[in-house]
Every structure is written in structure tokens, then in C-alpha cells.
Amino acid sequence: MKSVGIVLISHSPKVVEGIKDILNQVANDVPVELAGGTDQGGIGTSIEKIQSAIDRAHTDSGVLIIYDLGSAMMNAEVAVEMSEFDDIEIANAPLLEGAYVAAVESSMGKSLSEVQQAAEQALID
Amino acid sequence: MELHVQDVITWMNKTNERLQSNKEYLTSLDQAVGDGDHGINMARGFNEVVQKIDGADYETVSDALKDVAMTLMSKVGGAAGPLYGTAFLKLSTSLKGKDSVDQESFKSGLEEALAGMKQRGKSDEGEKTLVDVWSPVIETFTNSFNPEDLVQTAQTAMEKTKDMKATKGRASYLGDRSIGHLDPGSVSSFYLFESLAETVKGGE
């Protein structure tokens, strides 16, 4: 089994790029793909960017999506509904801390639901 | 009232004209309570819609509305893209296979659209969102439907959002500071329904 892919969505490309740098220190063998900013590179989110990040990050073990603010979640939902894959989950987790924990869990070969659960509990205890 | 493919195209053109000429106004409303991009986003999105459907050949109202939905989803951006996109997609699905659309099927289509937006935005009436315009507007599509009622209802509903406190969307981060400002999404929805009324009136 390959490790669970991770998609990070933010209104700003710089936010997710910075988070990926941090993740690379602990887990650089996990597919982490980014959907930051709009199609024009402005502040916002883009369904097309999210879709292509999902396609790049997808493995046999599925994909976990972590997002930042409001519209990012709505666009993530639309992208998931339109995707051909049915093993994609959206985590209700803080972007940085959730992604960090998710990357670590994924690198240990955990399942999609285990990775999601870990991300969603990133700030608990 | 009856809607045909050409009416959908007229409706979108009229909406686009209103959004283009009120772009700065919508932006200033959004700067007060949001991230200031609603005017630019809606103007860009509906301009793309018009480019897409003007002169295109559609068999049914549903087909035309589907292109509207897909264009809005990918071109508007912000929260408005997935919300309006979902609304038009639900409306399109609900009207599938109908050559012309009467007010009864249009009303149930709008109900589906509203339900889709509520689900997408996890929102309900009274949260200072476009739901607060869509919800009362739908009730005007009765047997005694007339376009003046539609405009009046949409306008009153839009104005009511001014005194509401936002509990959804970016404005909700402002808490009490959101009170005293119109909700930008409700204003763009007003333009949408005002344009629909004008379209229907012109077709009588």
C-alpha cells in the first residue's frame, strides 16, 4: 500500500508552499500537493487547482484534503463531488498542524481514516 | 409565466449588465464586511457566462442553465462561485428534459437550488447571506405571480440584511461589526432576480 496523498488548500499560494517546506522536514516521501490561490494566482481558491492537486496526490490509499477558510471548503466539496475517485476525505483540521500530523501518519503507512482522524485531533491533547 | 432557452440567455445578459455597472458598489459593500472581491468576482464570472451562452444552441432551459452553473463554479471564485454554481446546477437538474418551464416547475427548481446552497454553505435563513433573499423570493412564484412582486420582495429582503448580524461567511468573523452593512451576496442576488423579473415582463 502506498501512503495516503495529502492536498493542502489555501487562499494564498505562499501559505501552502511554506507548510510544505515544514512537512518536508518530517515526511518527504508522502505525496503532498498544493492548491493555493486562484487560477490567476490571486487570493482565493480554485476548483480546477484543487482537482488537479487531487489527481496528482492520489494513490491507492486515497487522498486527504485540508483547507483554510470558508470558500476553500466549498470548493473542496465541489471538487470531490466532481472527481472520479471515491476515496477522498476532507479533514476538519487546522491547516498547518493538521497537515503536519497527517504527513507523519501517512508516512507510517496508516489508512485514510486513521490519517484523517489524526489530523482532526491535531490540536487536542 | 413561462421560460424558454432564449429567456435564460436574456436573463443572464441583463444580470451581467447590472453586475458590470455595479461592480465598484458591490466591491465597496464587500470591503466593509468581507474580503472585497465580490464585485470583481461576479462581474468576471457573469461576463464569462454571457460569452459562453450567447449565440449557443441549447435544446432545453436545463441545458443552458447547466452551462451557466459550470461557468460560475470555475470562473467566479470566492464563496460566490460554489454557491451560485451549486444553485444553478440544482435548478438545471430539476428542470431536466423540459422544453419550456412554467412557474410551478421553476418554483420547485428554485427550492432545490436554495436547498443546495444551504447545504453547500451550511447556512440557513437569518445568517446575513444570499439565502435571506432567495428564500422569500421563491414564495412569490405562485399562480398570481407578477414581476413587480418579485422585485419588491427581493429588494425588501436585500435591505433587511443590513440590520442582521452575520453568522456565516467571512463577515461572521466581524461579529457585531457586520451589523449596519448590506450583505454583498444578497445584493448580487437582488440583481439576479430583478433581471429575471425584467426578462419575464419583456416576454409577456
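Axes here are lines fitted to C-alpha atoms, for helices over the stretch in contact, and angles run from 0 to 180 degrees between N-to-C directions. Helices (H or I, at least four residues) and strands (E, at least two) are DSSP runs numbered from the N terminus.

This is a predicted model, in which local features need pLDDT of at least 70, side-chain atom pairs count only at pLDDT 80 or more, and totals for chains, interfaces and linings use all residues. Residues are numbered from 1 along each chain as its sequence is written, and chains are lettered from A.

**First stop: a helix pair.** Select residues 23-33 and 38-53 of chain B: these are helix 2 and helix 3, packed at about 140° with axes 6 Å apart. Now show side chains: Lys23(B), Leu26(B), Thr27(B) and Asp30(B) in helix 2 meet His38(B), Gly39(B), Ile40(B) and Ala43(B) in helix 3 (contact means heavy atoms within 4.5 Å).

**Next: the annotated stretch.** Select residues 6-198 of chain B, where an unreviewed UniProt entry places "domain: DhaL". This stretch is 67% helix and 1% strand, with its end C-alpha atoms 14 Å apart.

A nonpolar core is a set of buried (under 20% relative accessible area, 1.4 Å probe, protein chains only) Ala, Val, Leu, Ile, Met, Phe, Trp, Tyr and Cys residues joined through side-chain atoms within 4.5 Å. The largest has 74 residues, and those with the most contacts inside it include Ile9(A), Tyr84(B) and Trp134(B). Helix 9 of chain B, residues 184-202, gives the most to this core, with eight residues. Finally, pick Ala27(A), Ile66(A), Ala93(A) and Leu95(A), which belong to a second, separate core of 20 residues.

Note on methods: Heavy atoms only, no water. UniProt positions renumbered as here; feature names shortened; annotations may be inferred. Buried < 20%, exposed > 50% of the residue type's maximum accessible area, 1.4 Å probe, protein only.
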